[in-house]
Amino acid sequence: MPRSTQGFDLTDLQIPPLEHIAVTDASIGILKESISPKKMAFKRFMHHHAAVVCTVVLAFIVVFVALAPITTRYGVNESIFKAEAGIPNQNLAPRAAAWFGTDANGRDLYSRMIYGAQISLLIGLFTAIVSVALGTLVGAYAGLKGGKIDDVLMRVTDIFLALPLLVVLVIVRGALKNVDWVVAIMGDPGSVRFLVILLSVIGWMGVARLVRGQVKQLKEREFIEAARAVGASTTRIMFRHLLPNAVGQIMVALTFAIVGAITAEATLSFFGFGPDAGSGLTSLGLLIRDSKKAVPPGYWWLVVYPCGLLILISLCINFIGDGLRDAVDPKMLQDS
Amino acid sequence: MFRFILRRVLWMIPTLLLLTFVVYCALRLATNPLASYARSNPRIAKQPEKMQQYIETNGLWDGFGGYVRGYFHWLRGFLTGNWQPSIKGSRPVWPNLKQALINTVRLGIVASMVAIPIGLAFGVFAALKPGKLRDSAVNTGALIGFSVQPFISAVLLQLTFAVLWSKWFGSPLLPTSGMYPPGHEGFDPVLMLKYMTLPIIVVSIQTIAAYSRYMRASLLDVLSSDYLRTAKSKGISDRRVLIRHALRNALVPIVTLAALDVGSIVGGLIITEAIFEYPGMGKFFLTASANGDFPELMPWMVIVTTSVIVFNLLADLSYAALDPRIRLD
């Protein structure tokens, strides 16, 4: 839209603040009034249609899962009816009494999937929050300080991230569960708390690298120099200037940390290193592990539905993360 | 350049020593070799002097000092080729480990040779018309590929091509486990490829997704560069610009990433191997860790970490070799 048609006001005469120029792109149009970077990012996010659709779908799943006792039809370990001679309740194909069929113990797969998704999402959320908080602090500190600490940190995370994740998780899990005082803090190796801490112990490294990169870029900018010139302390620069400007990237890291934790939990459970199935709790990973046994006899419902739900959830979060990344980092968005 | 390589290679030695020490401690804690040994040899476990002898010959002393001493004991044995036999069955470790390594590298190389070119082709295809339908189609496809974890695709493929297929058409289309049918002897590439098809597909899904995105980003970066505009303005045909100027430059970062990926093949196919019962490194690791077999796990970890570190170095070197703007010294 040409500027002349928008009327003339005083703001046009002023030089717009630097950051606003930096985030302006063709899809938003010429700056007429001052739009905050947050609003701009939101607008760009709304342009990413797949991400918006996925947000709605994920919100639907989350609400559905959060209302667990209302939306489910049976309990976690409740069989749909008592098996009698001649009327088995195991491995029934989908039917009115059990929409997604029943598993090897005659339990309703539909209800178990909701309870499983609940645990998986909780693990994903808690792990992501802990590892993002930790990773942000470490990454920001290393990026700001530079020097030896930075070198050592990057070397260590390099190697850890290059090693196969499952191997690292299995070995660290094995080592931690044999140390008494760690078990006292982390709880029983089969508990959800143990898993969340275990995944966070590994998960912060990816976030730290990302935040470090962002901070290293930001700290060369003029406003940080200005802050330092007026005598702001390192802590103040970090929390008041650097991190608020990196918040978009941190949000992106958070979404990918959630999906990473959910899949890591599923992988660990699949190989029998996950939460304890006996304690009346299930997760998507445990359901998929059970589905492995359902493959040879061809009980397809036990395989297709849990796998489909896990794919759907990670797909939604991946798309949201992708949309967020494009929204907060317009340089990545080369196609508009 | 030579000095850089020398310095990096020399740095690898302390890195590896430190890393193997950390791995040694973690594995000692995680597997508890003494308990595993007692579990596999219940009769010996009742004789304290025999157990003490096992501790002495294998360096399984307790406490931090014991771990340090034990590490050097292990290192000496490892370097002189005097490896401890496995706990379960008391077999020599190296023959099995070597076979597992060969099998995994074979699977990984074939899968990479299939998947990386496909991924690159998708990436180029998307980058040529950014923002158009094909671009979003490739992007969406890549994100879907990322979301399908190997164990999910493995289970779904097994269900479709083996179980349901034989239900519908009488016989399964593809075998779902192992590298050869049980009892097969010798080397048979056709049969092996048939057994490797499903594992290759599983590994390929995520590789194709990743490389299509790398290639798209890298090519878009190159296409918007000044030297490409210069090439175009000289009147070179579009085709020649793309092939001679754009693609070659876009591949520089990809080669680096590929080097890193090849380095992680050795220990990175665990999930796929475990589900398809493929006798590779992953299967070796899972079996050994289920048995708490410390003498098997330790060389396994050494091979995996060495491969990661060596290919890390190769990635750096390839970057410098391919991009003359980068000076290493």
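**Chain B, elements.** By helix I mean a DSSP run of H or I with at least four residues, and by strand a run of E with at least two, both numbered from the N terminus. I'm working on a predicted model here. I started with the secondary structure of chain B and got 14 helices and zero strands. Read from the N terminus, the order is α-α-α-α-α-α-α-α-α-α-α-α-α-α. I also looked up how far the C-alpha trace of chain B reaches along its principal axes, and noted about 85 × 65 × 35 Å.

**Chain B, domains.** The domain assignment puts domain 1 at 2-79 and domain 2 at 94-322. Between the centres of domain 1 and domain 2 of chain B, taken over C-alpha atoms, I have 33 Å. Domain 1 of chain B puts 19 residues into the contact, and domain 2 of chain B puts in 15 residues. How much area do domain 1 and domain 2 of chain B bury between them? I noted about 1600 Å², with 85% of it on carbon and sulfur atoms. I then checked which residues supply the area on the domain 1 side of chain B: B:Arg8, B:Met12 and B:Leu27 account for 28% of what this domain buries against domain 2, more than any other three residues.

**Chain A, α5 on α6.** Over to helix packing. For a packed pair I write down the angle between the axes and the distance between them. In chain A, helix α5 (residues 109-145) packs on α6 at about 130 degrees, and their axes are 7 Å apart. I logged the crossing of α5(A) and α6(A) as left-handed. From α5(A), the contact uses A:Val138, A:Tyr141, A:Ala142, A:Gly143 and A:Lys145, while α6(A) brings A:Gly147, A:Ile149, A:Asp150 and A:Leu153. By class, the contact of α5(A) with α6(A) has five nonpolar, two polar and two charged residues.

**Chain A, α6 on α9.** Helix α6 (residues 147-162) of chain A also packs on helix α9 (residues 192-218) of chain A, at about 135 degrees and with the axes 10 Å apart. That angle is why I call α6(A) oblique to α9(A). The crossing of α6(A) and α9(A) is left-handed. On the α6(A) side I listed A:Asp150, A:Leu153, A:Met154, A:Thr157, A:Asp158, A:Phe160 and A:Leu161; they meet A:Trp204, A:Met205, A:Gly206, A:Arg209, A:Arg212 and A:Lys216 of α9(A). I sorted the residues of the contact of α6(A) with α9(A) into six nonpolar, two polar and five charged.

**Chain A, α10 on α11.** Last pair in my notes. The axes of helix α10 (residues 222-229) and helix α11 (residues 234-245) of chain A come within 11 Å and cross at roughly 170 degrees. Over 145 counts as roughly antiparallel, so that is how I describe α10(A) and α11(A). The contact joins A:Phe223, A:Ile224, A:Ala227 and A:Arg228 of α10(A) to A:Ile237, A:His241, A:Leu242 and A:Asn245 of α11(A). My class tally for α10(A) with α11(A) is five nonpolar, two polar and one charged.

Note on methods. Residues are numbered from 1 along each chain as its sequence is written. Chains are lettered from A and ligands numbered from 1 in the order in which they are written. This is a predicted model: local features need pLDDT of at least 70, side-chain atom pairs count only at pLDDT 80 or more; totals for chains, interfaces and linings use all residues. Side-chain values use heavy atoms; hydrogens and water are left out. Axes are lines fitted to C-alpha atoms, for helices over the stretch in contact, and angles run from 0 to 180 degrees between N-to-C directions. Angles under 35 degrees count as roughly parallel, over 145 as roughly antiparallel, 65 to 115 as roughly perpendicular and the rest as oblique. A crossing is left-handed if the near helix is turned anticlockwise from the far one by less than a right angle, and right-handed if clockwise. Contact means heavy atoms within 4.5 Å. Ala, Val, Leu, Ile, Met, Phe, Trp, Tyr, Cys and Pro count as nonpolar, Asp, Glu, Lys and Arg as charged, and the others, Gly among them, as polar. Domain bounds come from an automatic or database domain assignment. Buried area is the accessible area (1.4 Å probe) that two parts lose on being put together, summed over both.
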